[in-house]
Amino acid sequence: MRALLFGAKHKIRVETVLAKKRMLFWRKMKNTDRKIDIKTMLFFLFFCFAPALFSLPFDQKITTSLGSIDGQSYTRPHFYLSFSDMLAYEPFSLYLGIEFSRDQWHLNVEPGWTFLKLKYADFGLRLLYHYTSFLKIAQEHDVFYGMESHIRLPKDISLYLDLSFMQKYTVITSIKESVPFLLNNGMAFSLRFEKAFFENLSPYFIIASYDRFYYPLFFFPSYILGFNFKADKNWTAFSELSVHYTDQFTLTATITSVNFQLGLTYSIPKNKGVE
Amino acid sequence: MKTKYVFFYALLAICFFPSCRYGLHEFFDRSLSVNERSKTITEIPSPFEDTVPNKYSVLMLSDLHFGPGKTQAKKKLFDYLESLKETDSMPSFALVLGDIADTGCKEDYAEYASFVTKLQSEFGIEKVYGITGNHDLYNKGWNEFTKKVYPYVSYYRFETETFSWYFLDSGNGTLGQSQLQNFISKLKKDSKKKFVFIHYPLYRDNIFYFSLCDPRERAMLIDACAKNNVGAVFSGHDHYGSSFDYGPFVEYGVYSYVNNRNWQDGSFGILSVDEENARFNYTQY
């Protein structure tokens with residue numbers, strides 16, 4: 001019995017020491033963090049939301065969401081806050097998005113052109129640029145060149161598919177003098193099913209090689225389950241649970257992070273600003 | 001309608017059959033992930049019991065894929081070792097950078113054990129160190145790994161006179177939070193020149209798919225290696241041994257022992273170490 005108790009105490013002590021070490025590690029890392037100064041934050045907020053302030057000849061959807069991520073990989077649990085503005089001027093669209101968290105910030109710019117609209121399907125071209133700064137260690141620039149489609153299936157089921165050629169440029173500060181950037185050519189895809197169950201509620205499921213502000217190399221899959229709830233003609237609330245895995249092609253997959261977010265979208269019809 | 005179903009199931013079987021022996025049922029959840037296996041580093045004794053020689057060589061192997069109907073590769077390596085028998089150039093010890101077993105089963109590890117016995121008894125290479133690769137973990141292969149592959153862990157280090165040798169567990173395609181943090185902390189405290197051994201390549205000049213896929217984890221690793229006197233990183237996994245110079249250090253790919261084309265090649269590398277001048281040289285055979 002005493003041996004058992006000693007074992008339990010010893011285990012607790014070891015785990016406490018490990019937890020303290022982990023905390024110290026992140027505190028040290030935090031000292032080298034890129035502090036997101038208020039000017040940068042305001043600049044990008046303005047960049048995203050300025051169109052919404054004016055009466056412009058296109059539809060807009062402004063979204064804000066709050067999320068929490070828990071990770072098994074380098075990621076420590078943290079909260080993040082994101083803002084986005086989706087501008088649509090048919091057949092063109094432009095997505096602007098930013099996300100802030102403790103260690104990093106992201107910027108997304110995503111223009112699209114729907115060149116073919118049919119009764120059951122739309123097809124378009126898309127570009128995507130994503131920037132993130134991670135601690136003081138590295139900056140990433142992701143560029144996607146690809147196609148997207150929206151297929152309307154019977155029984156109110158929608159299928160969204162995009163497939164892109166992906167280029168990732170990683171600038172690592174400590175080797176920048178010898179290697180200005182590391183380039184990875186790869187691919188990216190996302191497959192989304194959405195079904196309108198009731199007038200206001202539509203759940204969706206996504207399997208993708210990337211997430212809105214998460215761009216691993218091919219193929220670390222993300223599985224996302226979400227719900228859209230349309231409160232009225234302007235307001236839509238949503239919640240989303242995403243699970244990110246490692247390398248599922250070579251079958252040693254393990255969960256790297258779990259992400260939960262809640263958000264709110266406000267739609268602004270064309271020729272109207274925020275009222 | 002019936003034909004449709006038969007066709008569908010046949011297609012499913014064709015897709016999944018080749019993967020069955022790799023434990024497809026663990027597709028979404030492999031037990032004992034890296035965060036449970038490899039939290040803190042294990043210090044192990046140096047391969048040299050008494051004095052460390054000024055110059056010596058190390059046999060480097062990767063991606064052996066032992067298993068029924070797989071690795072037939074023996075001749076090239078054993079002929080080479082045979083030619084060294086009466087010389088001083090016999091490797092002092094051997095390192096295996098993962099994918100030791102093809103399916104993670106007992107039989108695969110038994111083949112590896114007899115391979116190690118041959119290295120020990122016929123060529124005097126007493127210590128053969130291993131780390132996990134993705135294949136080693138299939139079918140709960142970690143249990144066998146901890147019984148058959150010295151030093152029975154996958155995250156460890158030892159020291160020689162001038163160098164520190166770090167072995168990482170990347171079998172799940174990631175180092176995991178605990179190992180990554182612990183590794184970076186250890187590097188910072190260690191002033192010696194270092195070698196790092198890992199199954200998954202860090203980058204190695206734009207390998208498509210077969211490298212560490214999380215770019216932030218990769219950036220943290222490269223940054224830590226660049227800042228903390230790492231001389232070289234050795235990796236396997238993609239079977240084609242390309243190398244890449246990051247400036248402060250070089251990453252060498254250790255060519256697969258089996259060679260994708262015929263499973264009979266028997267490729268290996270020799271790492272020559274000069275302890276006196278803190279130099280090294282890597283040659284692929």
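In what order do the seven strands of the open sheet in chain B come? I read the order as β1-β5-β6-β7-β8-β10-β9, with mixed pairing. Strands here are DSSP runs of E of at least two residues, helices are runs of H or I of at least four, and both are numbered from the N terminus. Two strands pair if DSSP finds at least two bridges between them.

Before going on, I noted that this is a predicted model: local features need pLDDT of at least 70 and side-chain atom pairs count only at pLDDT 80 or more, while totals for chains, interfaces and linings use all residues. Residues are numbered from 1 along each chain as its sequence is written, and chains are lettered from A and ligands numbered from 1 in the order in which they are written.

**Sheet, chain B**

I looked up the edges next: β1 (42–43) and β9 (243–245) of chain B each pair on one side only. Then I followed β8 (230–235) of chain B to β10 (250–253) of chain B; the two run parallel and are joined by four bridges. For B:Val233, I found the bridge partner B:Glu251 in β10(B).

**Helix α4, chain B**

I checked the length of α4(B), residues 106–123. Its 18 residues should span 26 Å at 1.5 Å a residue, and the end C-alpha atoms are 25 Å apart, which agrees. The expected span is 1.5 Å times one less than the number of residues.

Which residues of α4(B) are buried? I listed B:Asp108, B:Tyr109, B:Glu111, B:Tyr112, B:Phe115, B:Val116 and B:Leu119. They cover an arc of only 155° around the axis, which puts them on the same side of α4(B). The arc is that of the directions from the helix axis to the C-beta atoms. Buried means 20 or more other C-beta atoms within 10 Å of a residue's own, exposed means 12 or fewer, and partly exposed is in between, with C-beta atoms placed from the backbone.

Turned away from that buried side, I found the exposed residues B:Ser114, B:Thr117, B:Ser121 and B:Glu122. The cover over the buried residues of α4(B) includes β3 (93–96), β4 (128–130) and α5 (142–148) of chain B. After α4(B) comes B:Gly124, with a positive phi near 70°.

**Where the chains touch**

I counted a contact where C-beta atoms, placed from the backbone, lie within 7 Å. Chain B gives 40 residues and chain A gives 37. On chain B's side, α2 (34–37), α6 (177–189) and α7 (215–227) each supply at least two residues. The largest share, nine residues, comes from α7(B).

B:Asp63 has phi near 50° and sits in the loop between β2 (55–61) and α3 (75–83) of chain B. B:Asp63 is buried, with 26 other C-beta atoms within 10 Å. B:His239 has phi near 75° and lies in the loop between β8 and β9 of chain B. B:His239 is buried too, with 21 such atoms within 10 Å.

In chain A I went looking for cis peptide bonds. One joins A:Glu90 and A:Pro91, with omega about 5°, and A:Pro91 is in the loop between β2 (78–89) and β3 (92–101) of chain A. Another joins A:Phe218 and A:Phe219, with omega about 10°; A:Phe219 is in the loop between β9 (201–208) and β10 (222–230) of chain A.

Terms used
Contact = placed C-beta atoms within 7 Å.
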